[in-house]
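This briefing goes through one protein structure by topic. Please look at the sequence and the model before reading on.

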Amino acid sequence: MTDARGLYDADFVAWTEQQAEALRAAAHGGTNQPLDWENLAEEIESLGRSDRRELRSQIYRIIRHLVKLQFSEATDPCSGWRESVRDRRKEAELVLADSPSLKPQLDQFREVDAATQRALRQTRYSADQVLGDWFPPEPVGSGRSEEP
């Protein structure tokens, strides 16, 4: 078992999973402590799930605005959509910094595909497009100017 304190500082989600497993093992091994071991383990796991939900939420917002940038002919809200994408990407980076065990899951992260499908049924973005520096090209004839 990895050093719990070091893991807590390095990867919160991995720590929550390890601690829930340790609580369950202690519960099955028997203890004289009057604790609700199973519910404690559930609560610790829910802490890790909150990071996943936060990342999913940020990804959904990014995709929604990428879709608007790619397909809308509106010009006025574009700078706000780009700023929103940048802000959500920063928030996603913070979640990934706290819980790096989520990063290897991004390529298989079903929330990217699911959020894309909810945002626009025929459009799919890769995890690199969603969380990287990519923006869609301007629609032809939109008259919008590209922002840095």
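Two residues are in contact when heavy atoms lie within 4.5 Å. By that rule, and not counting residues up to four places away in sequence, Arg24 touches Glu38, Ala41, Glu42 and Glu45. This is a predicted model, where local features need pLDDT of at least 70 and side-chain atom pairs count only at pLDDT 80 or more, while totals for chains, interfaces and linings use all residues. Residues are numbered from 1 along each chain as its sequence is written, and side-chain values use heavy atoms, with hydrogens and water left out.

**Overall make-up**

- The protein chain has six helices and zero strands, where helices (H or I, at least four residues) and strands (E, at least two) are DSSP runs numbered from the N terminus.
- Along the sequence the pattern is α-α-α-α-α-α.
- The protein chain has 148 residues, of which 36% are buried; buried means under 20% relative accessible area, exposed means over 50%, and partly exposed lies in between (1.4 Å probe, protein chains only).
- Of the contacts in the protein chain between residues at least 6 apart in sequence, 67% join residues at least 24 apart.
- The accessible surface of the protein chain is about 9,000 Å², and 49% of this belongs to carbon and sulfur atoms; the areas come from the Shrake-Rupley method with a 1.4 Å probe, and for residues only the protein chains shown count as cover.

- Arg24 is part of helix α2, residues 12-29.
- With a relative accessibility of 19%, Arg24 counts as buried.
- Leu94 belongs to helix α4 and, at 51% relative accessibility, counts as exposed.
- Leu94 and Leu55 are 39 residues apart in sequence, and their C-alpha atoms are 9.3 Å apart in space.

**Aromatic rings**

- The structure contains four aromatic pairs; rings of Phe, Tyr and Trp (its six-membered ring) pair if their centres lie within 6.5 Å, and planes under 30 degrees apart count as stacked, over 60 as edge-to-face and the rest as tilted.
- The pair of Tyr8 and Phe12 is edge-to-face because the ring planes stand at 75 degrees, with the centres 5.9 Å apart.
- Tyr8 is partly exposed at 42% relative accessibility, whereas Phe12 is buried at 18%.
- Tyr125 and Trp134 make a tilted pair, with 5.4 Å from centre to centre and 50 degrees between the planes.
- Tyr125 is buried at 4% relative accessibility, and Trp134 is partly exposed at 28%.
- One aromatic cluster is formed by Tyr8, Phe12 and Trp15.

**Charges over a ring**

- The charged end of Arg82 sits over the ring of Phe135, 4.7 Å from the ring centre; the rule is that NZ of Lys or CZ of Arg is within 6 Å of the ring centre and within 35 degrees of the ring normal.
- Arg89 also lies over the face of Phe135, at 4.9 Å from the ring centre.

**The largest pocket**

- The largest pocket holds about 180 Å³ of space.
- On a 1 Å grid over the protein atoms alone, a pocket is an open set of points with protein on both sides within 12 Å along at least five of seven lines, and lining residues have an atom within 4 Å of a point.
- Grid points are joined across faces, edges and corners, and a volume is the space filled by probe spheres set on the points.
- Ten residues line the largest pocket, and the closest to its centre are Leu96, Lys103, Leu106, Asp128 and Leu131.
- Helices α4 (78-98) and α6 (127-131) are the elements that give two or more residues to this lining.
- The most comes from α6, with three residues.

Technical notes
On a 1 Å grid over the protein atoms alone, a cavity is a set of points where a 1.4 Å probe fits but cannot get out, and a pocket is an open set with protein on both sides within 12 Å along at least five of seven lines; lining residues have an atom within 4 Å of a point.
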